[in-house]
Amino acid sequence: MLRGTRRCAMGKLYVIRLTKQERVELQSVVRKLKGTGQKVRRAQILLKADADGPRWTDERIAEAYSCRTRTVERLRQRFVEQGFEETLNRVERKQPPVEKLLRGDQEARIIATRLGRPPKGYNNWTLRLLARKVVELEIVESVSHETVRRTLKKMARRSERSNTG
């Protein structure tokens, strides 16, 4: 169910019309700084964008809360299409936008390969060389050097966390 109005005289595609209860909840979030900084900012933006309230322009809202006008537009759209709760609390996705390219065992084998000696004629592993070797060893059918880079970077971040904790 879509809330709000799709078009209005101001030319906005998504218009926010808050109920009294929603307005009270948003004001409480802002006043008590309840929740994350992002949640507080979303509450502030929704209050200023309310068609039955101050009716600030997107540009004015963006300037006041140090964000882009596109952020304000997307927040309006999310409110109309997904509702108040999802907009305010920014519900996490159930599924990532892109399927995971490598399984854990494949990642482990890529890392193990990287930790081994590079092929004859090479002093160091390059990302492209490692990607070719991973395919050659039939760890995966195909892989880009960028996927290999992300895998190694993820391993490095985990290593840093375990060393500092």
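Is Val-140 buried or exposed, and what is its relative accessible area?

Modeller: Before anything else, please note that this is a predicted model, in which local features need pLDDT of at least 70 and side-chain atom pairs count only at pLDDT 80 or more, while totals for chains, interfaces and linings use all residues. Residues are numbered from 1 along each chain as its sequence is written, and side-chain values use heavy atoms, with hydrogens and water left out.

Val-140 is buried, since its relative accessible area is 9%; buried means under 20% relative accessible area, exposed over 50%, and partly exposed in between, with a 1.4 Å probe and protein chains only. You will find Val-140 in the loop between helix H7 (127-136) and helix H8 (145-164), where helices are DSSP runs of H or I with at least four residues, strands are runs of E with at least two, and both are numbered from the N terminus. If neighbours within four places in sequence are left aside, Val-140 is in contact with Leu-102, Gln-106, Val-134 and Val-135, contact meaning heavy atoms within 4.5 Å. Gln-106 is 34 residues away from Val-140 in sequence, yet the two are 7.3 Å apart in space, C-alpha to C-alpha.

Glu-138 has a positive phi of about 60° although it is not a glycine. Most residues other than glycine have a negative phi. Ser-66 is another example, with a positive phi of about 50° without being a glycine; its place is the loop between H3 and H4, and its relative accessibility of 62% means that it counts as exposed.

Ala-131 belongs to helix H7 and counts as buried, with a relative accessibility of 6%. Apart from neighbours within four places in sequence, Ala-131 is in contact with Val-143, Ser-144, His-145 and Val-148. Ala-131 and Ser-142 are separated by 11 residues in sequence and by 8.2 Å in space, C-alpha to C-alpha.

H7 also packs against another helix. Two packed helices are described by the angle between their axes and the distance between the axes. Helix H6 (residues 104-115) and H7 pack at an angle of about 120°, with their axes 10 Å apart; such axes are lines fitted to C-alpha atoms, for helices over the stretch in contact, and the angles run from 0 to 180 degrees between N-to-C directions. H6 and H7 are therefore oblique to each other, because angles under 35 degrees count as roughly parallel, over 145 as roughly antiparallel, 65 to 115 as roughly perpendicular, and the rest as oblique. The crossing of H6 and H7 is right-handed; a crossing is left-handed if the near helix is turned anticlockwise from the far one by less than a right angle, and right-handed if clockwise. On the side of H6 the contact is made by Ile-110, Thr-113 and Arg-114, and on the side of H7 by Leu-130, Lys-133 and Val-134. By class, these residues are three nonpolar, one polar and two charged, where Ala, Val, Leu, Ile, Met, Phe, Trp, Tyr, Cys and Pro count as nonpolar, Asp, Glu, Lys and Arg as charged, and the others, Gly among them, as polar.

Finally, we can look at the nonpolar cores. A nonpolar core is a set of buried Ala, Val, Leu, Ile, Met, Phe, Trp, Tyr and Cys residues joined through side-chain atoms within 4.5 Å. The largest nonpolar core has 22 residues, of which Leu-26, Ile-45, Ile-61 and Phe-79 touch the most other members. H1, H2, helix H3 (58-64), H4 and helix H5 (84-89) are the elements that give two or more residues to this core, and H2 gives the most to it, with six residues. Apart from this core lies another one, of 13 residues, and Leu-102, Val-134, Ile-139 and Val-143 are among them.
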